Amino acid sequence: MDFQDYQGVWVFIEVNEGVVAPVSLELLGAGRMLADKRGGELAGVLIGDNVGHLSKTIFEYGADVAYVYDDPIFKHYRTESFMKALLDCSQKHKPEIILYGATSTGKDLASAVATDLPTGLTADTTELDVEEDTGLLLASRPAFGGNIMATILCKKYRPQMATVRAKVIKALSPEVGRAGRVVEESISLKEADIRTKVLEIVKETTRKVRMDEADIIVAGGKGLGSAEGFQLVHELAETLNGAVGASRDVVEAGWIEHAHQVGQTGVTVTPKIYIAIGISGAIQHIVGMKNSGLIIAINKDPEAPIFASCHYGIVGDAFEIVPMLIEQFKQVMSREGVSHV
Ligand SMILES: Cc1cc2nc3c(=O)[nH]c(=O)nc-3n(C[C@H](O)[C@H](O)[C@H](O)COP(=O)(O)OP(=O)(O)OC[C@H]3O[C@@H](n4cnc5c(N)ncnc54)[C@H](O)[C@@H]3O)c2cc1C
């Protein structure tokens, strides 16, 4: 493998309901930094149905080139079809680095591409850098229960690939009108070649605000005792127009879906306010929320580790404190005539 043949940094651009996913815009920011250090180009790979116009967005967020696979066959994400397009593009144009959001789609696609290329893949990265002279990607992530940061290298294969968590890197401010080069690509792929069919899309019927969009997250832990006790977390979140988060133990108990798990094996969140109720504060949880603007913890154990990681701590029983908070917030909000804090 001649590394000289591999040039440039790519970002797989995830598109949901016709809109570029925020994590892809964040990765263009990281990709721009890596490409500048290497003196190379930054490209976005757009795969979908009617996605060509999104090139404009990715140029404004830092890309120089857009490789576009625009075809009805890519209407829905399917591992096989997207993998084939990305493999085709990668084999033709040979990037040095490919970044994907560590979303369900990004993780699925990156691992499939890594297997087929074949190359290495660093999963769930939280920091990225590159050695300017060698082009070696320095992909760092928490390891050994979050106690250390490990920097993982892919020395023998190209491209180097990483999935990167949402919200760990800031997107660049868009430069309106910034232009780039569009490269239209296609592969010969028929519906009959793809083993999976999308029969129906069932949207999660949810009363919840999404964690990645919320200014306030109210998260609950095993201290709430049961799924019924956990309803208090929903109530406070709803009062504040916030999202609901959870510890892993709560997810494992089946009180809420995994999408709400905060931490090392869940999502990383950075809301303005994070309220942790009945969460002990294990390091695996803390790594997922420690960059929140203001952290408030409620725990009946004054020695709970969470108190070492919060700005304000309330020692007491959640079942006494949380109903009082809900009541007080409701009163203040109706007095001030606001629908959320
Ligand atoms: C490889 C690995 C990955 C992991 N990934 C994650 C992850 O992504 N996210 C995550 O959260 N965890 C993760 N964990 C698990 C983590 O180590 C902890 O076990 C978990 O976070 C504990 O959940 P908890 O705080 O809800 O429960 P507990 O540790 O049982 O804590 C419950 C807390 O509630 C308090 N409490 C009890 N009753 C009340 C009450 N009435 N009022 C107020 N407080 C009360 C208790 O004092 C206690 O502090 C991971 C572990 C491993 C090994």
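**Entry 1, the antiparallel sheet.** I looked up alanine 143 and found it opposite isoleucine 148 in strand 10. Strand 9 (residues 137–143) and strand 10 run antiparallel and are joined by five bridges. I take strands and helices as DSSP runs, numbered from the N terminus, with at least two residues (E) for a strand and at least four (H or I) for a helix. Two strands count as paired if DSSP finds at least two bridges between them.

The model is predicted: local features need pLDDT of at least 70, side-chain atom pairs count only at pLDDT 80 or more, and totals for chains, interfaces and linings use all residues. Residues are numbered from 1 along each chain as its sequence is written, and side-chain values use heavy atoms, with hydrogens and water left out.

I then traced the sheet, which is open, has three strands in the order 8-9-10 and pairs antiparallel. Its edge strands are strand 8 (127–130) and strand 10, each pairing on one side only. Neighbouring strands here are turned by 25° against each other on average, direction ignored. Axes are lines fitted to C-alpha atoms, for helices over the stretch in contact, and angles run from 0 to 180 degrees between N-to-C directions. Helix 1 lies across strand 8 and strand 9, at about 15° to strand 8.

I moved on to the open sheet of seven strands, whose order is 7-11-6-1-4-5-12 and whose pairing is parallel. Strand 7 (121–125) and strand 12 (181–185) are the edge strands, and each pairs on one side only. Contact means heavy atoms within 4.5 Å.

Strand 4 (residues 42–48) and strand 5 (residues 65–70) pair in the parallel sense over six bridges, and valine 45 stands opposite tyrosine 67 in strand 5. Strand 6 and strand 11 are parallel over five bridges, with isoleucine 98 opposite methionine 161. Strand 7 and strand 11 run parallel with three bridges between them, and threonine 122 faces alanine 162.

Is strand 11 enclosed or open to the outside? It is largely enclosed by the rest of the structure, because five of its five residues are buried. Buried means under 20% relative accessible area, exposed over 50%, and partly exposed in between (1.4 Å probe, protein chains only). In a regular strand the side chains alternate between the two faces of the sheet. On one side of strand 11 I listed Gln160, Ala162 and Val164, and on the other Met161 and Thr163, all buried.

I found serine 90 in helix 3 (residues 79–93). Its relative accessible area is 2%, so serine 90 is buried. Beyond its neighbours within four places in sequence, serine 90 is in contact with Trp10, Pro95, Ile98, Leu117 and Pro159.

Most residues other than glycine have a negative phi, and most peptide bonds are trans. I noted the exceptions below.

- Leucine 117 and proline 118 are joined by a cis peptide bond, omega about -15°; proline 118 is in the loop between helix 4 (104–116) and strand 7.
- The bond from arginine 158 to proline 159 is cis, omega near -5°; proline 159 is in the loop between strand 10 (148–152) and strand 11.
- Glutamate 17 has a positive phi of about 50° and is exposed, at 67% relative accessibility.
- Asparagine 50 has a positive phi of about 65° and is exposed, at 56% relative accessibility.

I counted 25 residues around the ligand, the closest being Lys222, Ser247, Thr265, Ser280 and Asn299. A ligand nitrogen is 2.6 Å from an N or O atom in the side chain of threonine 265. A backbone N or O atom of alanine 318 lies 2.8 Å from a nitrogen atom of the ligand. Taken alone the ligand exposes 980 Å², and the protein buries 77% of that. These areas come from the Shrake-Rupley method with a 1.4 Å probe.

Key
A residue is near a molecule or strand if one of its heavy atoms lies within 4 Å of it. A polar contact is a pair of N or O atoms within 3.5 Å; within protein, one must be able to donate a hydrogen and the other to accept it, and residues adjacent in sequence count only if both atoms are side-chain atoms.
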